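Hi,

Here is the structure I promised to pass on to you.

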Amino acid sequence: MNRDGRAPAGRALKILPGGCPLDCPDACSWQVEVADGVAVGLRGTPEHPYTRGTLCVKVNQYLEHTRAPDRLLHPLRRTGRKGEGRFERIGWDEALDEIAGRLTEVIDRYGGQAVWPYQGTGNLGYLQGLQGRAGSRLWNTLGASRHDMTICSIAGLVGTGYTLGTSRGIDPEDLRHSRLILLWGCNTLTTSHHLWKVLSQAQRSGAYVVAIDHVLTRTARLADEHVPLNPGTDAALALGLLNVVLSLGAEDRTYLAERTVGWPEFRARIEQFTPRRTAEICGLPVETVERLGRRLAVTRPTGMKAAQGIQRHAGGGMALRTLAALPGVTGDWKLPGGGLAYSTDGYFGGDREALFRDDLLPGPVRSLSMTRIGEALTTVDDPPVKALFVYGANPATAVGGQSQVRAGLLREDLFTVVMEHFRTDTVDYADIVLPATMQTEHTDLLDGYGHMYITWNEPAVAPPGECLSTTETFRRLAARLGLTDPALFDSDEDLARALLSGGHPSLDGIDLDRLRREGYARLNYPSPYVPFADGFPTPSGKLEFVSATAAADGYDPLTGYTPPQEAADPELARRLPLVLISSAPHFFLNTTFANRQSLVRRAGTPFVELHPDDAAARGLAEGALVRIFNDRGDFTARLQVSDAVRRGVARTTKGWWSKLTGNRAGVNATVDERDADMGGGAVFHDNRVEVSAAE
Ligand SMILES: Nc1nc2c(c(=O)[nH]1)N[C@H]1C(S)=C(S)[C@@H](COP(=O)(O)OP(=O)(O)OC[C@H]3O[C@@H](n4cnc5c(=O)[nH]c(N)nc54)[C@H](O)[C@@H]3O)O[C@H]1N2
Ligand SMILES: Nc1nc2c(c(=O)[nH]1)N[C@H]1C(S)=C(S)[C@@H](COP(=O)(O)OP(=O)(O)OC[C@H]3O[C@@H](n4cnc5c(=O)[nH]c(N)nc54)[C@H](O)[C@@H]3O)O[C@H]1N2
Ligand code: SF4
Ligand SMILES: [Mo]
């Protein structure tokens, strides 16, 4: 790459390698075409085996997004009241002086832990974003509170960990070898469409694809079968399918004897999930459970994909723990294309600790949960959070318990800095706003949680206005704070080299020079790759149906089914009959792009989708303005009536900024801040509501 070519107009055209930093498992490799210092073209890298030359409907417009008229280009200081979004332009010197002064005051009076670096998923890069915990060296030096990343995939990471000893499953590309593919609540065509190419290739060569989702999604429409189960009942379905497998004697006895722990106990549990009981829990015809169970019993290899959507409830961690156990019974873990693909995060053996530098911490510090920001800002006082540094995140929109979140952000005594690209809902609550670079303007190194490649992102153009990268902002802030540890001033390339030089075998032969030259590299794993051929990284070295680690953490030692809390509560259902699912929007990435007019036009207005029977029971017609509410809060949306959703389920999407839709609040006003069963995960889909006509 980095080739010099000829632009059609005869101008010199440079092509620079990069990659998409957004929170998407596909982690696309891209090429930026630059002419006269201006990015004139962006495309998916044609020869990249996973990107295959395409980006997506959202990121195809990324260059326009970098040049959008509403882009933040200068530091700002608040002039109005918090939440009003009135600011004046200031210079970087003034901004850094004020931040350094306020941080010093807070730390002197309340200690470092009164500072909360609140980093979200806006950028997943190792240098500028979440994977490298950008800024961690500075926050460690100051002894700031640790930010606990609970919002997305943590419950499943913990759950799969009990069974497998790791959350790493199979290489999603290996699903092309599967004969039966179970998609557990993955709307692949929306949330990771490059995987669909792998799945459709398998389908064309005869694989049977099953979409398990209470919504007939775009993906479910293209599957061979759609299984619309009750929300939060996946683990019960998995156990019911295994019950059928056992009744046919199709379990892999050799694998069970040699490679697993706790089979007699797990077998007894599976026996409790008869097809009839399973069908009742899942709200499915008993024939569906039996038919799919028979198919599972006779089809090797069976590959499964589960993502984040299915774990956002009170039994979400357990659901993933049990899904990871299923291929241990069928023996699929030993076959290419068999097993569970959850996350490939963790295959990259980069030396993350060399970036984080936790050795710089002055002592132990507390952790604050990303999803409990409302509670933390309004109730914690040991010490209280006095300075909040938000970057790559939009908590005013993205987090549950929205009214409490906003009450916390309104606190006059809270000093809030937001580093951003655009004036999000959260920016309106900032004291100081800092303009951040976008992906074509800074250096970064990325991996992906849905494939086995790493990517180098070369800055292609100069940042517009006064935008600064995250790394540079923290270097300057460290200097302004009078800190002198050289670790705080490492260049981006120093950081990248430190990350790549840990000596992990996944990186043999991959160094910075090669990455720069080639743009991306596949990590050193064979393809196809059977991950646990040499054993499982559990304490026993085997797949653990019974886990002493889980028991020590206070969980059922045996994997099984934990029902959702609100969704499975019949008492609550009388008053709030609908389970609200707010899944991924097709045209936004979380709340990113919800200000991009061309995408907003295609996304339409905020909607809620109900089954025709549920709409009729409430006297509501298509297009009606409705109020969706529970005891926590409410929001308004346009009604869509469709039998694509199950009775008893209401569907909307995450993403919309309330200020741009003219709404006081969004879906997260109805969502609870409480934790899922494992890892402090979020419960976005364990949320009962009622819907009525809006006044
Ligand atoms: N276009 C787009 N792509 C995205 C994102 C985005 O916002 N927009 N977000 C990105 C991020 S941050 C993430 S974490 C991933 C999420 O990726 P996914 O997990 O694929 O996305 P979701 O839409 O959250 O959930 C997928 C499906 O799960 C279903 N579902 C919800 N609860 C359950 C359940 O209990 N059981 C079953 N079987 N199904 C259930 C929903 O109806 C939905 O169709 O996507 C990433 N990709
Ligand atoms: N109701 C409901 N809510 C949900 C979910 C759901 O399923 N339902 N899903 C949840 C999930 S899975 C996730 S991951 C979270 C996501 O929630 P957040 O982590 O808060 O992510 P975003 O909302 O996309 O906001 C990211 C912001 O980072 C900014 N940004 C991007 N790159 C950079 C950068 O390099 N530097 C700086 N300074 N800023 C940058 C973007 O402009 C954007 O405003 O939302 C969660 N919220
Ligand atoms: S959002 Fe996902 S599919 Fe789109 S360009 Fe980024 S990594 Fe690729
Ligand atoms: Mo996420």
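**Between domain 2 and domain 3**

Between domain 2 and domain 3 there are zero salt bridges, a salt bridge being a side-chain nitrogen of Lys or Arg within 4 Å of a carboxyl oxygen of Asp or Glu. Polar contacts do occur: 15 residue pairs cross this interface, both partners at pLDDT 80 or more. (A polar contact is a pair of N or O atoms within 3.5 Å, one able to donate a hydrogen and the other to accept it; residues adjacent in sequence count only if both atoms are side-chain atoms.)

On the side of domain 2 that touches domain 3, α5 (188–191), α7 (218–222) and α13 (316–330) each supply at least two residues, and α13 gives the most, with four. Helices here are DSSP runs of H or I, at least four residues, numbered from the N terminus.

The model is predicted, so to speak plainly: local features need pLDDT of at least 70, side-chain atom pairs need 80 or more, and totals for chains, interfaces and linings use all residues. Residues are numbered from 1 along each chain as written, chains are lettered from A and ligands numbered from 1 in written order, and side-chain values use heavy atoms, without hydrogens or water.

As for area, domain 2 and domain 3 bury about 1600 Å² between them, 57% of it from carbon and sulfur atoms; this is the accessible area (1.4 Å probe) lost on putting the two parts together, summed over both. His 214, Pro 231 and Arg 312 lose the most in domain 2, together 33% of what that side buries.

Best wishes
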